[in-house]
Amino acid sequence: MSTPTPSSPRIVLQARNIHKSYDDGAIKVLRGVDFEAIEGNTVALCGPSGCGKSTLLHLLGGLDQPDSGDIAVNGVEINRRSNLLHLLRHEIGFVFQLHNLIPDLTLAENCLIPTVAAGIDRQVARDRLHQLTQRTGLSHRLNHRIQKLSGGERQRTALCRALMNKPKILLADEPTGSLDEKTSAAVFELLLELAATEGITLVMATHDRGLAQRCDRLVEMHDGRIRGIGAF
Ligand SMILES: Nc1ncnc2c1ncn2[C@@H]1O[C@H](COP(=O)(O)OP(=O)(O)O)[C@@H](O)[C@H]1O
Ligand SMILES: [Mg+2]
């Protein structure tokens, strides 16, 4: 094994020959997916609706298990991890298409929930919340309930929530898919900017070619496998 040097990129997410089906094998979705993401890179996962993008993201983040194949996050295989919760709370952040925020709670409360679960010091969590809401232009909305926020503000809140515990990997599932074109572009810019300044590896499912082409790498899902530009 060679010792990693600054010039040798580190693979932070790796999937090998992943198979996944639903309904006891009746719906075969992933048929041997190989995927890698290099530290600090932004990767767009493209493909038509129903091709398995969400399925793959859930597997990569440990939210679901493959039928067969191996997935490693930061060099450690998910199924060999004794503490999967550590992965979910500290190493990986998720942004979903429909924000998944709690509508009756405020922006601040929604963002602080993952920090409580992770046992982060209250003041540290508050400072992080202020930093992120400032950078996403939401400082004036901290005590507003989610149901009072616009679609763009909700997705920006979801972005803040996903980054509260400083994960180095962010999995985003059509994070701007529910927004109009202009709002979508603004939220996407923010996503790229945050990923760059925090050194985050971003894997984003999207069917928006324009957004996908702004990423470092574009991979295409087809017939349950990955092919296409820049796939390793
Ligand atoms: N929990 C589930 N049970 C049964 N079928 C599912 C489930 N989740 C997804 N599917 C099916 O798997 C396929 C891939 O879904 P998905 O990963 O959501 O695709 P995409 O995100 O690319 O639109 C679809 O045919 C979908 O209907
Ligand atoms: Mg999906």
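This is a predicted model: local features need pLDDT of at least 70, side-chain atom pairs count only at pLDDT 80 or more; totals for chains, interfaces and linings use all residues.
1. **The shell around ligand 1.** Start with the ligand. Twelve names make up its surroundings: Tyr22, Asp23, Ile27, Val29, Gly47, Ser49, Gly50, Cys51, Gly52, Lys53, Ser54 and Thr55. By type, four residues of this shell are nonpolar, six are polar and two are charged. Two elements, β2 (27-38) and α1 (53-60), each give at least two residues to the shell. The largest share, three residues, comes from α1.

2. **The antiparallel sheet.** Next, look at the open sheet of four strands. Its order is β2-β1-β4-β5, and the pairing is antiparallel. Strands β2 and β5 (76-77) stand at the edges with a single partner strand each, so one side of each has no neighbour in the sheet. Strand β1 (residues 11-22) pairs with β2 in the antiparallel sense over nine bridges. For one place to look, find Ile18, which stands opposite Val33 in β2. Helix α1 packs on this sheet and touches β1, β2 and β4 (68-73). The direction of α1 makes about 125 degrees with that of β1. Recall that α1 also supplies three residues of the shell around ligand 1.

3. **Ala15, a residue inside β1.** Is Ala15 buried or exposed? Ala15 lies in strand β1. Ala15 has 22 C-beta neighbours inside 10 Å, so Ala15 counts as buried. Residues up to four places away in sequence aside, Ala15 touches Val33, Asp34, Phe35, Leu60, Gly69 and Ile71. Ala15 and Asp70 are 55 residues apart in sequence, yet their C-alpha atoms are 5.7 Å apart in space.

4. **Strand β3 and its two partners.** All five of the five residues of β3 (residues 42-46) are buried, so this strand is largely enclosed by the rest of the structure. In a regular strand, side chains alternate between the two faces of the sheet. In β3, Thr42, Ala44 and Cys46 point one way, while Val43 and Leu45 point the other way. Which strands pair with β3? One is β8 (residues 201-205), parallel over four bridges. Another is β9 (residues 217-222), also parallel over four bridges. Thr42 stands opposite Leu202 in β8. Val43 has Arg217 in β9 as its bridge partner.

5. **Strand β6 and strand β7.** Strand β6 (residues 92-95) is covered on both faces. Ile92 and Phe94 are buried on one side, and Gly93 and Val95 are buried on the other. Strand β6 pairs with β7 (residues 169-173) in the parallel sense over four bridges. Gly93 finds its bridge partner, Leu170, in β7.

6. **The nonpolar core.** In soluble globular proteins, nonpolar side chains tend to be buried together. Here the largest nonpolar core holds 59 residues. Leu45, Leu60, Leu170, Leu171 and Val203 touch the most other members. Take Leu171 as an example. Beyond its neighbours within four places in sequence, Leu171 is in contact with Leu57, Leu60, Gly61, Ile92, Phe94 and Val203.

7. **Helices α3 and α4.** The buried residues of α3 (residues 107-117) are Leu107, Asn110, Cys111, Leu112, Pro114 and Thr115. They pack against α2 (84-91), α4 (122-135) and α5 (151-163). After α3 comes Gly119, with a positive phi near 70 degrees. Helix α4 contains Leu132. Leu132 counts as buried because it has 22 C-beta neighbours inside 10 Å. Neighbours within four places in sequence aside, Leu132 is in contact with Cys160 and Leu163. The C-alpha atoms of Leu132 and Met164 are separated by 7.8 Å, though these residues are 32 apart along the chain.

8. **Two loop residues worth checking.** Most residues other than glycine have a negative phi. Asp24 has a positive phi, near 55 degrees. Asp24 sits in the loop between β1 and β2. Why does Asp24 count as exposed? Asp24 has 6 C-beta neighbours inside 10 Å, and a residue is exposed if that number is 12 or fewer. Asn74 also has a positive phi, near 50 degrees. The place of Asn74 is the loop between β4 and β5. With 16 other C-beta atoms within 10 Å, Asn74 is partly exposed.

Note on methods: Residues are numbered from 1 along each chain as its sequence is written. Chains are lettered from A and ligands numbered from 1 in the order in which they are written. A residue is near a molecule or strand if its C-beta atom, placed from the backbone, lies within 6 Å of it. Ala, Val, Leu, Ile, Met, Phe, Trp, Tyr, Cys and Pro count as nonpolar, Asp, Glu, Lys and Arg as charged, and the others, Gly among them, as polar. Two strands pair if DSSP finds at least two bridges between them. Two residues are in contact if their C-beta atoms, placed from the backbone, lie within 7 Å. Axes are lines fitted to C-alpha atoms, for helices over the stretch in contact, and angles run from 0 to 180 degrees between N-to-C directions. A nonpolar core is a set of buried Ala, Val, Leu, Ile, Met, Phe, Trp, Tyr and Cys residues joined through C-beta atoms within 7 Å. A residue is buried if 20 or more other C-beta atoms lie within 10 Å of its own, exposed if 12 or fewer, and partly exposed in between; C-beta atoms are placed from the backbone.
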